[in-house]
Amino acid sequence: MKNFIITVVMVLTVAITEKVQAQWVVTDPTNLASGILNSANEIVQTSSTVSNVVKNFNEVKKVYEQGKEYYDKLKAVNNLVKDARKVQQTVLLVGDVSSIYVNNFGKMLNDKNFSADELMAIGNGYAALLNESTELLKDLKQIVTSSSLSLNDKERMEIIDRVYKEVKEYHNLVRYYTSKNISVSILRAKKQNNTKRVMELYGTAGQKYW
């Protein structure tokens with residue numbers, strides 16, 4: 001029976017290749033996973049260091065765009081064994097939480113149905129949810145450190161499953177949080193007979209998180 005640590009490390013150490021202008025560009029998934037985690041952490045930190053909500057978001061968006069390449073590249077990794085794919089999916093869920101936050105909060109900043117104080121509270125809520133997700137991802141990284149080599153296959157699988165489940169719950173919560181905030185705007189827009197503008201702001205049915 002194979003040692004489970006091999007399947008975990010695969011998602012963090014196997015090389016992905018991409019052919020560009022007749023050359024093979026090799027990217028280390030370890031850096032991709034770390035890049036997503038570092039980017040998410042920096043978004044959380046940036047969210048708490050600027051008092052002006054618009055200036056704050058501009059800095060958050062800048063950090064997100066700089067780290068998005070890690071998310072896109074890790075998402076493109078294929079042909080992983082089942083257990084390694086679970087690790088990959090967990091990391092990508094955290095990247096997606098960042099994406100939901102940035103893309104939807106950016107639209108909310110242009111929504112006249114929210115006050116400045118409400119927008120600051122919404123932004124803080126997103127940052128808190130993202131922070132909890134990144135803390136869980138740190139737990140996942142610990143299972144491939146030297147201090148965790150005493151874990152057996154079953155224990156590692158339990159950690160991976162637990163972290164994936166909890167990150168997935170936060171991911172769903174962020175989607176729900178987004179849906180509820182947009183619903184508030186729609187209700188306010190209905191009272192003003194201005195629903196069309198709000199629906200256009202947040203995109204088509206295929207683009208919405210609500």
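Trainee: What span should the 23 residues of α3 have, and how far apart are its end C-alpha atoms?

Mentor: Bear in mind this is a predicted model. At 1.5 Å a residue, α3 should span 33 Å, and its end C-alpha atoms are 31 Å apart, which agrees.

Trainee: Where does α3 bend?

Mentor: At Gly-67, by about 40°. Gly-67 is also one of the buried residues of α3, along with others including Val-53, Phe-57, Val-60, Tyr-64 and Tyr-71.

Trainee: Let's zoom out. How many helices and strands are there in the protein?

Mentor: There are 7 helices and 2 strands. Going along the sequence, the pattern reads α-β-β-α-α-α-α-α-α.

Trainee: And what share of the residues counts as buried?

Mentor: Of 210 residues, 43% are buried. As for contacts with a separation of 6 or more, 69% are between residues 24 or more positions apart.

Trainee: Onto the largest nonpolar core, then. Which residues touch the most other members?

Mentor: Phe-105, Met-108 and Leu-130, out of 47 residues in that core. Helices α2, α3, α4, α5 and α6 each supply at least two of its residues.

Trainee: Which helix gives the most?

Mentor: α4 does, with 12 residues.

Trainee: What is Phe-105 in contact with, leaving aside its neighbours within four places in sequence?

Mentor: Val-53, Phe-57, Ile-100, Leu-119, Ile-122, Gly-123 and Tyr-126. Two of those turn up again among the rings: Phe-57 and Tyr-126 are linked with Tyr-101, Phe-105 and Tyr-177 into a cluster by ring pairs.

Trainee: What about Tyr-126 and Tyr-177, stacked or edge-to-face?

Mentor: Edge-to-face: 5.0 Å centre to centre, with 85° between the planes. Tyr-177 sits in α6 and Tyr-126 in α5, so this pair ties together parts 51 residues apart in sequence.

Trainee: Last one: how much accessible surface does the protein have?

Mentor: About 11600 Å², with 51% of that belonging to carbon and sulfur atoms.

Technical notes:
Residues numbered from 1 in each chain as written. Predicted model: local features only at pLDDT ≥ 70, side-chain atom pairs only at ≥ 80, totals over all residues. Heavy atoms only, no water. Core = buried A, V, L, I, M, F, W, Y, C linked by side-chain atoms within 4.5 Å. Buried < 20%, exposed > 50% of the residue type's maximum accessible area, 1.4 Å probe, protein only. Helix = DSSP H or I, 4+ residues; strand = E, 2+ residues; numbered from the N terminus. Contact = heavy atoms within 4.5 Å. Expected span 1.5 Å × (residues − 1). Bend = angle between axes of the 7 residues up to and from the residue. Areas by Shrake-Rupley, 256 points an atom, 1.4 Å probe, with all protein chains shown as cover. Phe/Tyr/Trp six-rings, centres within 6.5 Å; stacked < 30°, edge-to-face > 60°.
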